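Subject: Model handed over, with notes

Hello,

The sequence and structure are below. My notes on what was found follow.

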Amino acid sequence: MDQPLRIAIVGALGKGWTHARALQGLRGATLSAVVDRAPEANQVAVELDVPFYNSVDAMLKAKIADAVVCAVPHPAHRAVEVPCLEAGLHVLSEKPLAATPSDAKAIVDAAQRNRRVLAVMYQYRQKPAIRKAKQLIEEGLVGDWYYGAMHHGINRSQAYYDARTWRGTWAGEGGGVLVNQAPHPIDVMMHLVGRFPKRVIAFNNRLRHRMNTEDISTAALEYENGAQITMHADTIQLPISEWWTLHGNNGTLRLEGNEKETKLPCSASIPTFQPPFTTRREQPNPRPRTCARASTQGKAKTGNTPA
Ligand SMILES: NC(=O)c1ccc[n+]([C@@H]2O[C@H](COP(=O)([O-])OP(=O)(O)OC[C@H]3O[C@@H](n4cnc5c(N)ncnc54)[C@H](O)[C@@H]3O)[C@@H](O)[C@H]2O)c1
């Protein structure tokens, strides 16, 4: 690429600020503008030494960007992203893509119609342990999986919900833990298994926070072949805990950690699945299995390759 990709940040006072700083260290891309409807966001543009626009329309008219990072609250994603895609810009959308299925469809349709790149910010996939887990699954560590589970037990104080008027409201957020915090772990579970279920049953409740939307959610997923996944997410738990497991006919994979760090913890052996009703003589020769270790902090180390 001869010229760096010019990227505008839309929504600069929250997560957009992280994107803006990250862009400053990138080769091949440059921060070209800050867009925010809040006048105080002008200060971000001054600090980063780029032009400030108070609307997407004004930024598009200036033809100052080839792509945008959209970091406004998700009910506003459609109003920001569709005009950008229609104007020929690529879009990196903060998660979740939208607060409603119809908004999500409108955004995807606009990207397809204009042949632009549309990506959603699911950065958990880039964690070393999760990349390693995906690789191990593709190499057959788990084999034909029949059950998976996800647990996302985190904590958000009442002050967190009170700090932004849009949080914890249907109009402002489109949901609670399921739409705001759990998209990352749900994305990891779907990324690990690589396909969507045919049926989902879920329970969503608000138990411990003063807000309108749910702070606890549990779901059961059923796949075409009968395989199942259970998922749980809440913003009530202390201490926090986050883990995923996937059980198959070759073995079990377990990932655990917290919101900041994820590990493949199995330093000992991965239990081997024994098909039911096999006699002892029919069982394959048991060979010790060790699994790879990876963490977001250290380098990935691979143990013995599973048989
Ligand atoms: N990937 C992650 O880990 C992660 C973490 C936090 C937030 N997010 C996502 O980022 C998005 C923003 O969340 P946040 O916590 O940064 O919100 P925020 O309220 O802190 O900041 C949103 C910014 O957008 C601006 N804004 C709102 N509507 C606008 C509009 N129509 N046009 C221009 N500017 C507008 C606001 O003035 C503010 O500066 C959400 O979709 C959220 O889910 C992702």
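Predicted model: local features only at pLDDT ≥ 70, side-chain atom pairs only at ≥ 80, totals over all residues.

Which residues are exposed on the other side of α5? They are P101, S102, D109, Q112 and R113. Helices (DSSP H or I, at least four residues) and strands (E, at least two) are DSSP runs numbered from the N terminus.

Residue numbers start from 1 along each chain as its sequence is written.

Overall picture

pLDDT, the predictor's confidence in each residue on a scale from 0 to 100, averages 86 over the protein chain, and 83% of the residues score at least 70. Over residues 266-307 it stays under 50; for that stretch the model has 59 contacts beyond four places in sequence. A contact is a pair of residues whose C-beta atoms, placed from the backbone, lie within 7 Å. The protein chain holds 10 helices and 13 strands. Of its 307 residues, 36% count as buried. Among contacts with a separation of 6 or more in the protein chain, 64% are between residues 24 or more positions apart.

Around the ligand

The ligand is surrounded by 25 residues, and the closest are G11, L13, G14, K15 and E94. By class the shell has 13 nonpolar, 6 polar and 6 charged residues. Nonpolar covers Ala, Val, Leu, Ile, Met, Phe, Trp, Tyr, Cys and Pro; charged covers Asp, Glu, Lys and Arg; the others, Gly among them, are polar.

In α1, the buried residues are G16, H19, A20 and L23. They lie on the same side of α1 because they cover an arc of only 100° around the axis, the arc being that of the directions from the helix axis to the C-beta atoms. T18, A22 and Q24 are exposed on the other side of α1. The buried residues of α1 pack against β1 (5-10), β2 (29-35), α2 (42-48) and β4 (67-70).

Helix α5 (residues 101-113) has 13 residues and reaches 18 Å from its first C-alpha to its last. That is close to the expected 18 Å, where the expected span is 1.5 Å times one less than the number of residues. D103, I107 and A111 are buried in α5, and they sit on the same side of α5 because their arc around the axis is only 70°. Their cover includes α4, β5 (90-93) and β6 (118-120).

Backbone points to check

Most residues other than glycine have a negative phi, and most peptide bonds are trans. D49, in the loop between α2 and β3 (52-53), has phi near 60°; with 8 C-beta neighbours inside 10 Å, D49 counts as exposed. K63 has phi near 50° and is found in the loop between α3 (56-61) and β4. With 11 C-beta neighbours inside 10 Å, K63 also counts as exposed.

A cis peptide bond joins K95 and P96, with omega about -15°, and P96 lies in the loop between β5 and α5. The bond from L238 to P239 is cis as well, with omega near -5°; P239 is in strand β11 (residues 236-248).

A129 is in helix α6 (residues 128-138) and is buried, with 24 other C-beta atoms within 10 Å. A129 and L255 are 126 residues apart in sequence and 7.7 Å apart in space, C-alpha to C-alpha.

L178, in helix α9 (residues 177-180), counts as buried with 23 C-beta neighbours inside 10 Å. Leaving out residues up to four places away in sequence, L178 touches N204, E214, S217 and A233. L178 and D215 are 37 residues apart in sequence and 8.0 Å apart in space, C-alpha to C-alpha.

Regards

Technical notes: Near = placed C-beta within 6 Å. Buried ≥ 20, exposed ≤ 12 C-beta atoms within 10 Å, placed from the backbone. Contact = placed C-beta atoms within 7 Å.
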